[in-house]
Amino acid sequence: MAGRDLRALFGSNDHRVGADEAFTNREDQWRIFVSALDGHLQHVSAAGFDAADLEAPRRNLLVFHGVGGIGKSTLSRRLEAALANAEHRPAHWGEPVWHGPRIVPLRLDLARSANTDFERVVVMIRLSIAAAVGRPMPAFDIALRRYWDHRHPGEPLEEYLRRDGLLTRFGQALPQQMQAALGEVAQGLALPGMLGSAVGQLTGALVRALREHRRSVSALAGCARLADLLEADTDLEALSYYPHLLAWELARLPDRKQIAPVVLLDTFEDIGDRTHRDMERLLQHVVWLMPNVFFVVTGRNRLQWADPALHGQLDWTGPAAWPGLADRGLPTPRATPADPGSRHQILIGNFSDEDRQNYLTHRLTTDGRPLIDPTLRRVIAERSHGLPLYLDLAAMRFLEIRRNGLTPQPADFDGDFPALIARTLTDLTPDERHVLRSVSLLDAFDIPLATATAGISRDAPVLRLLERPFIRHTTTSLWPYHLHALIRSTLRTAEDTTDDRWSPRDWRNAAERAHSAIGRQWAGHTGPGRRLLIACLRQGLALASEFRLDLGWLTEAAWQYVSDSVWEPVTPAPRDTGDETRPQTPADALVELLTALGRRQHEHRRSTATRLAAVIDAGLLPEELEQMALYYLAKAHRDLGNSVASRTGMQQVADGGGRLAPAARRGLAHLARLAGDFPTALTVAQNLGWAGRQNRVLGDIHWPQGDITQAAENYEQARNDAEQRGIAGERATAQAHRALALAFADPTTADSEIALAHHLLTDLTLHATSLTVHIAGLIRDAGHSTHIDERAQALRAEIETAGLASLLPLLELAVCFHHAVRADEELLAAAIHRLRRLTNDGDHAHLADIACFMGNRPLTPAASPVRWLESEETVRRRWRTLVTQRCSTY
């Protein structure tokens with residue numbers, strides 16, 4: 001079902017353009033409403049229910065709240081229409097089955113534009129009942145007539161109803177019923193002629209009769225508080241208690257006249273702000289005093305009536321009074337169906353993908369076909385983040401572009417809509433608007449971070465803002481709050497025409513405050529803080545890059561990121577490194593550096609080298625961070641097999657004496673090892689210490705000698721050192737190398753070592769280390785598996801894709817070990833040939849020699865450049881022994 005949208009209808013000269021106010025499913029909200037109303041009907045029909053009970057908890061209220069433009073008013077209108085006439089209920093909502101009295105809906109728009117006052121609310125509720133019941137309600141009618149005559153002398157209620165158009169909407173029933181009620185009471189009191197001109201005398205006589213318990217007013221005697229209300233002052237405060245009389249009258253209707261009123265209060269946020277709750281307090285009286293009427297509130301803000309802190313501002317507060325409104329830590333848009341004991345406060349979430357498409361398909365049509373083509377619909381739907389207001393504004397923009405004779409393109413919808421800002425800010429206080437703009441700089445935040453970013457000394461404005469529906473809450477997040485994505489994007493990018501808009505200097509000042517506050521949170525943490533480090537880096541880098549801030553604490557945080565060797569992504573997807581996107585500031589360069597380091601586990605090492613070289617060429621980083629880029633560029637060159645370039649870079653970093661100098665000396669030891677110069681590698685390794693990962697390097701030197709026991713001990717000590725220091729990446733790497741070494745000597749032991757390595761790699765992204773563990777698995781299974789070649793081929797492809805050329809010779813050595821164990825001379829010769837081809841530049845040549853030792857074959861060429869720690873014969877004997885030991889178990 002869709003209504004005509006007049007704005008769109010008059011937005012084009014093309015009469016074929018159909019402009020419908022599209023309405024999407026909202027099936028979840030309908031199911032929640034049906035279930036809640038059904039629970040209410042069962043409750044009020046139960047034997048123990050008393051409409052005059054003023055103390056029982058209230059469950060006659062359902063709240064739908066959400067950000068402006070989410071479709072709350074449309075939902076309210078559709079609920080009213082569906083209740084009034086089954087033909088107006090969308091077919092996909094299904095047909096509810098309600099047992100009991102006829103449902104009578106009334107929707108009241110509380111928007112300021114409707115000029116709604118409290119008197120009008122009370123009168124309209126009575127009007128809707130009058131039209132449905134067709135009989136007087138003396139207790140309420142007499143009280144209302146007395147109030148009106150005192151508050152509006154000279155203006156009969158009938159004239160007010162006529163002037164305001166209410167008689168046209170509801171008919172003459174109320175004036176007639178009110179007159180009949182006055183007549184009945186006057187007759188019962190023997191006061192003929194006092195039907196309207198002397199209501200004061202009538203009510204006075206009625207009060208006396210009630211106090212004296214006269215039989216003539218026995219019909220009203222059951223309303224225990226009628227006399228008190230008729231004696232009270234005739235002001236708005238007293239009027240707010242009159243609904244009690246109406247609830248009492250409804251409860252005593254005969255069965256054939258029973259009705260179930262449903263009052264929908266829309267745009268609830270417009271009845272006032274959260275500092276002055278006068279109108280809200282009066283409306284709360286109505287809801288509380290009419291427990292046999294079901295109320296549905298729609299508005300931007302969560303209803304706070306279950307908050308005990310509001311005691312004194314409102315008359316009934318706390319979770320005991322409003323159990324369905326209590327915050328149970330479940331701020332999810334999709335709520336479970338509500339029963340009398342479940343939540344009655346529902347956050348309306350964004351449209352689903354299907355709803356977005358449905359909206360845009362039916363919003364504008366021509367000759368019954370969608371006016372917006374499918375490709376553009378997909379673009380608009382994605383950029384809306386599910387916000388219906390955005391979809392509506394996009395439809396208007398589409399018509400505007402088309403009206404100018406142009407064909408709308410995806411680029412026409414790149415920007416956000418300034419109207420979103422106005423809708424978002426309209427009901428916020430100045431302090432809340434200031435906080436909102438401040439937190440729009442942040443991906444996520446907590447209360448202290450928001451307060452510091454806003455530069456204020458108290459949390460109150462932040463706490464008030466958190467109540468707004470455009471603030472999302474995720475309890476499991478490090479920073480639990482974040483701003484609705486589209487609202488945030490609009491605040492940051494759309495033109496702000498509000499009176500209190502920020503200047504560029506205001507935005508920069510807030511960014512500096514946010515950047516400093518994030519740094520303080522990171523620096524002030526105690527205990528393991530990897531999760532906090534990554535979160536702070538992500539937000540800090542984004543702010544520093546956008547606003548050209550000094551690096552400050554980011555330098556130390558970058559070093560911490562690198563030292564842990566975990567490599568989670570900390571930046572957005574990497575950008576191209578062409579001239580047009582070269583880093584412009586130190587923050588840009590640091591973003592590129594950390595992006596390259598994080599991405600190197602997922603892309604070819606050649607891409608890593610290219611990115612790091614671009615960062616160095618930009619010359620924007622301070623010297624110590626430039627050393628970081630140079631070191632990891634040298635590592636990338638080593639992985640790619642560019643030993644000369646790697647050695648040059650490592651030497652430069654080692655000579656610089658900075659934080660990575662020990663790591664660079666380790667790199668030089670690795671390069672010496674790869675070149676087969678083991679004595680030089682050992683000399684360097686013995687002076688590396690923990691900073692240079694001495695024990696792991698020693699293990700790398702000893703296993704090629706065939707000294708598996710010594711290598712395993714070195715790796716175990718390296719793993720323990722890393723564990724004591726909480727360096728997860730180094731711990732996993734040391735264990736992977738230990739598993740590799742032991743796989744040559746003892747397959748049974750290797751099983752548990754490989755399993756431990758896989759366990760330590762959980763949640764880490766260390767591609768080269770993971771591949772090392774898989775190679776260890778091949779070595780463990782050498783001679784015992786018929787699928788070694790297939791597994792090796794799969795690993796070979798993965799290694800080449802990652803650009804980790806330095807691992808290919810190790811993989812071929814594993815294959816050689818398998819063929820040596822199986823004594824397959826032909827396949828072993830072919831594998832050695834491949835290995836020689838991979839090592840013909842001199843690096844890893846010792847692995848080809850080891851392969852010959854395994855098969856007890858002569859070296860080719862006979863004169864090897866490898867310098868072993870012991871004699872070549874000793875090394876040959878050890879490797880051949882490892883093969884023969886494996887053969888004995890084959």
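## Strand 6 and its partners

In this predicted model, Phe64 has Thr298 of strand 6 as its bridge partner, and strand 3 (residues 61-65) pairs with strand 6 in the parallel sense over 5 bridges. Strand 5 (residues 259-266) also runs parallel to strand 6, to which 4 bridges join it, and Leu264 stands opposite Val296 of strand 6.

Strand 6 (residues 294-299) is largely enclosed by the rest of the structure, because 6 of its 6 residues are buried. Both of its faces are covered, with Phe294, Val296 and Thr298 buried on one side and Phe295, Val297 and Gly299 buried on the other.

## The largest pocket

The largest pocket holds about 1,200 Å³ of space and is lined by 49 residues, among which Lys635, Arg638, Arg666, Arg696 and Thr733 lie nearest its centre.

## Confidence of the model

The pLDDT averages 84 over the protein, and 89% of the residues score at least 70. Over residues 328-341, however, the pLDDT is below 50, although this stretch has 31 contacts in the model beyond near neighbours in sequence. Residues 573-580 likewise have a pLDDT below 50, and for this stretch the model shows 13 contacts beyond near neighbours in sequence.

Notes: Residues numbered from 1 in each chain as written. Predicted model: local features only at pLDDT ≥ 70, side-chain atom pairs only at ≥ 80, totals over all residues. Heavy atoms only, no water. 1 Å grid on protein atoms, 1.4 Å probe; cavity = no way out; pocket = protein on both sides within 12 Å on 5 of 7 lines; lining within 4 Å. Points joined across faces, edges and corners; volume = space filled by probe spheres on them. pLDDT = per-residue confidence, 0-100. Contact = heavy atoms within 4.5 Å. Buried < 20%, exposed > 50% of the residue type's maximum accessible area, 1.4 Å probe, protein only. Helix = DSSP H or I, 4+ residues; strand = E, 2+ residues; numbered from the N terminus. Pairing = 2+ DSSP bridges.
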